[in-house]
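Have the structure open and try each task before reading its solution.

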Amino acid sequence: MEIDSGNTAWILTSAALVLLMTPGLAFFYGGMSRAKSVLNMMMMSFVSMSIVSMVWVLWGYSVAFGEGGVPAFFGGLDALGLVGLEAEGEGYPSLAFVAFQATFAIITVALISGAVADRTKFMTWCVFVPLWLTLVYLPICHWVWHAEGWIFKLGAIDFAGGTVVHINAGCAALALALVLGRRKGWPKEPMRPHNLPFVLLGAGLLWFGWFGFNGGSALAANESAALAFVNTLVATGAAGFAWIMVEKLRDGAATTLGIASGIVAGLVAITPAAASMTPLGALVLGLVAGAVCAVAVGLKYRLGYDDSLDVVGVHLVGGIIGALAIGVFGSLAGTVPAASLLSDGSAVLLGKQAAAIGATMAYSFIVTFILGKVLDMTMGFRVDEEAEATGIDIAEHAESAYDLNTSSTGGLGGPTAAPIAGDIKKVEADA
Amino acid sequence: MKLITAIIKPFKLDDVKAALETFGVKGMTVSEASGFGRQKGHTEVYRGAEYKVDVVPKIRLEVLVEDEDLDEVVDVVVKAAQTGKIGDGKVWATSVETVVRVRTGETGADAL
């Protein structure tokens, strides 16, 4: 198939949009964490951009999308290091698809970090990222999106990553939250967000980037991309609104954290369904996802797990709602038509959706839990109590986000300038 | 000499400062403080979880005055800081043994 310049341009643009979601996520999560751990929180996202981009080129793409291997479950090593990659994909260069898919892998790992805020050993996280990617993400990605993958063949619909990205990350987040345990003082001590404007900034960047995530998943500049685009607009708007209305009724005030969370819940829910809903269906899906997730984030207090920034309540629950909604009221008029209960009177698709959800959840949770336990027993996954109390930023990164010792200039008890010896000599020599 | 310490609502600082300057007070020290009295803080809700915030931000203002000015200055501060609502703050005074102006070494009333 000849390379189409319009399609290629859209895929490359979308890849850049999706990459921007990870810094967006860093702000979304960073704002929600406490002032003493915001850097560590943002660093977990940024380092996943570093590590996953290398892994993706080295073996990630090959295992996820390469031929050979065990076709139903994972790809072979034909495209290791992207050597021997066929130059052309379906109307676009293969490398455009490689880049686009890399950005999905990056954000999926980064999403997990929200569950383990304030307490994760940074170097263990750096080892977890490539291992988790290899053992969990690459196989699931292959199942769902490779033409030979078993979920793909089953006929379940996941347009842009409801199972691969969100249900997967949500389950992995739950597993890691259980491996690491609760933060000291949770849930009695207040651990409120330290910077809500950051959270809103992050939600805005996520929404912007998500047009590439969903729109780009059409892998062409066509009708399907436009439908996904409009659905990503309306479902998200509806979910943000539904979340704050639940808050207004339940808690008495509509909050900024609420609208930011609702926006993300809507984005998650429309992801698998972006090309299988009419815009009106997407609006309904958004309302449902926003309202249900607003309630679901309270689950952790009932069940007692410290999923610090609600990865489970937003990504797992939102992902499940979106994936099931395709089978309940997906539309035959979509560019990826859904023979749902409502459009076709058949529960077959709904059953397939449920099977895809169940398999992803079970595999992701079990493998992540075992991987987490192994890392915890070997390297240790959690910082010591003192580091957690003083703040992980100083303990793990030797930095603090804000100079809070503001006696207008240098600060009282703040850092004094101590350049390394060599630099001092150089300055003296220059003078 | 007396040291007057006033804990007031942050947004009342400008009024209190202006009133004290009008009275003729020469200097003051202002710092950010937090605490609670009968007001007992407030409740914040994040993703449905309630957090009790029991120390609220206040301004701590300190003024040194001569003994005979004490009552009047306290009065000036109270009037300027008052909104009539809960959380307006407190004003108290303590005796001061000695005051020295660092620049000149002057002591007592001359140092104010």
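Predicted model: local features only at pLDDT ≥ 70, side-chain atom pairs only at ≥ 80, totals over all residues.

**Exercise 1.** In which order do the four strands of the open sheet of chain B lie?

Residues are numbered from 1 along each chain as its sequence is written, and chains are lettered from A and ligands numbered from 1 in the order in which they are written.

*Solution.* Step 1: strands are DSSP runs (E, at least two residues; helices are H or I, at least four), numbered from the N terminus, and two strands pair if DSSP finds at least two bridges between them. Step 2: the order reads β2-β5-β1-β6 in chain B, with antiparallel pairing. Step 3: β2 (29–35) and β6 (89–95) of chain B each have a single partner strand, so one side of each lacks a neighbour in the sheet.

**Exercise 2.** Find how many bridges join β2(B) to β5(B).

*Solution.* Seven bridges link β2(B) with the antiparallel β5 (residues 56–65) of chain B. Within β5(B), K58(B) is the bridge partner of A33(B).

**Exercise 3.** Work out which residues of chain B meet chain A, by number and strand.

*Solution.* Step 1: count contacts (C-beta atoms, placed from the backbone, within 7 Å). Seven residues of chain B are in contact with 13 residues of chain A. Step 2: β3 (42–46) and β4 (49–53) of chain B each supply at least two residues of that side. Step 3: the largest share, three residues, comes from β3(B).

Technical notes: Contact = placed C-beta atoms within 7 Å.
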